[in-house]
Amino acid sequence: MKKIFAFLCFTAVVIACSSNDEEKVDDNNFDKTALLTNWADNIIIPSYENYQQKINILSATAATFTAVPNTENLSALRNSWLEAYKAYQYVAIYNIGKAQDISFKEISNTFPTSKTGIDENIASGTYNLNLFPQYTRQGFPGLDYLINGLGTNDATIVGFYSSNANATNYKNYLTAVIAKMKANADAIVTDWNGGFRDSFISNNGSTNSGSFSKITNNFIKSFERDIRSGKVGIPAGLFSEGTRPEDVEAFYKNDVSKELLNISLQAAQEFFNGKHFGSDATGESLKSYLDYMNAVRNGQKLSDIINNQFTTIFSATSALGNSLSQQVTTDNSKMLTAHDALQQNLIYLKLDMVLALKISIDYVDGDGD
């Protein structure tokens, strides 16, 4: 696998450098301020505000459930958890500012969750969710275990919060995990609306420390590590000896991992095209920047190639079952096909696009592929 990937990367670099027949354009005239404004005002901030709203609903339904633990309230809690999880897919890209400072991504969605660690926290009643070892014991994966994985049926799960000898600790832990998520969402939205938005837009230079380079790197890194590897490659066994069905997203719910994958892909494509959150309108984007630069590959617009590859990716994911843990067990070849489609777009994004837009990758991929 390592040799194959090295060859693919080398080939892509050669293509980008030798057969990429784009007309060289001075990009100093491209309006990065308009691009950053579109990202901030129409995509990032609305995405985070939507996420905050969903977390507020999650917090409210959790309070209702802990006050009256029954199957009806558990069902409502599960629904709000899933809606917030979906909203998270739209903000996972933007690991900048306060989100980076508070390790938002790591706290929100490090999976697989540590069942043993959560059990230990609940048994002791003492924990500090700010500490690095606790990242695998909270967030959406931790809630997945707490509301879907404690038992084989709803009555058994409710029993942990009502009749179990440690019921108070279970309720306290559920409340603490969601309170941490709410505090993080509130802090990020407050930061963006409290001055970070203006500094983000004004930091419109072309250096690696500029907002454009940082967000573009976030976008590619999220596509590579969170989507390609985390959601598909690792469960499919591409970075280990054998498949790892227990390493899928939302393992205990078990039938929404494909849905979360597709939503994250939709969020990625919409960001690439500059689509406003919750609207069909678009603004300046990576796509429009590539088109401004006349970026082409083998005579075709690079932005079209990337969007066409997204279509190929969605075709591959449509063949997957709703449960990716079951998919890797019953027919892993379809997961491998989806991974290959993702890998191809990663080449277009990380090599061709980066070269065309004259930016540098600021992270090292250490997943061993």
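This briefing walks through some helices, a nonpolar core and a few backbone details of the structure above. The model is predicted, so local features need pLDDT of at least 70 and side-chain atom pairs count only at pLDDT 80 or more, while totals for chains, interfaces and linings use all residues. Residues are numbered from 1 along each chain as its sequence is written, and side-chain values use heavy atoms, with hydrogens and water left out. Helices (H or I, at least four residues) and strands (E, at least two) are DSSP runs, numbered from the N terminus.

**Helix H3**

- Helix H3 covers residues 71–91, and at 1.5 Å a residue its 21 residues should span 30 Å, which agrees with the 31 Å between its end C-alpha atoms. The expected span here is 1.5 Å times one less than the number of residues.
- H3 is largely enclosed by the rest of the structure, because 15 of its 21 residues are buried. Buried means under 20% relative accessible area, exposed means over 50%, and partly exposed lies in between (1.4 Å probe, protein chains only).
- At the start of H3, a side-chain oxygen of Asn-70 comes to within 3.2 Å of the backbone nitrogen of Glu-72.

**The largest nonpolar core**

- The largest nonpolar core has 99 residues, and Trp-39 and Phe-200 touch the most other members. Such a core is a set of buried Ala, Val, Leu, Ile, Met, Phe, Trp, Tyr and Cys residues joined through side-chain atoms within 4.5 Å.
- Setting aside neighbours within four places in sequence, Trp-39 is in contact with Ile-44, Phe-200, Phe-212, Ile-215, Thr-216, Phe-271, Glu-284, Ser-285 and Leu-286. Contact means heavy atoms within 4.5 Å.

**Helices H6 and H7**

- Two packed helices are described by the angle between their axes and the distance between the axes.
- For H6 (residues 115–124) and H7 (residues 139–149), the axes come within 11 Å and cross at roughly 70°. Axes are lines fitted to C-alpha atoms, for helices over the stretch in contact, and angles run from 0 to 180 degrees between N-to-C directions.
- H6 and H7 are therefore roughly perpendicular to each other, a label for angles of 65 to 115 degrees (under 35 is roughly parallel, over 145 roughly antiparallel, and the rest oblique).
- On the H6 side, Lys-115, Ile-118, Asp-119 and Ile-122 meet Gly-142, Tyr-145 and Leu-146 of H7.
- Ile-118 is buried, with a relative accessible area of 0%.
- Beyond its neighbours within four places in sequence, Ile-118 is in contact with Thr-113, Arg-137, Gly-142, Tyr-145, Leu-146 and Tyr-173.
- H7 is mostly covered, with 10 of its 11 residues buried. These buried residues pack against H2 (32–67), H3, H5, H6, H8 (154–162) and H9 (167–202).

**Backbone details worth a look**

- Most residues other than glycine have a negative phi, and most peptide bonds are trans.
- Phe-111 and Pro-112 are joined by a cis peptide bond, with omega about 5°. Pro-112 sits in the loop between H5 (104–109) and H6.
- Asn-294 has a positive phi, near 55°. Asn-294 lies in the loop between H12 (286–292) and E1, and it counts as partly exposed at 32% relative accessibility.
- Asn-298 also has a positive phi, near 50°. Asn-298 is found in the loop between strands E1 (296–297) and E2 (300–301), and it is exposed, with a relative accessible area of 56%.
- The C-alpha atoms of Asn-298 and Phe-223 are separated by 24 Å, and the two residues are 75 residues apart along the chain.

Key
Polar contact = N/O pair within 3.5 Å; in protein donor to acceptor, adjacent residues only side chain to side chain.
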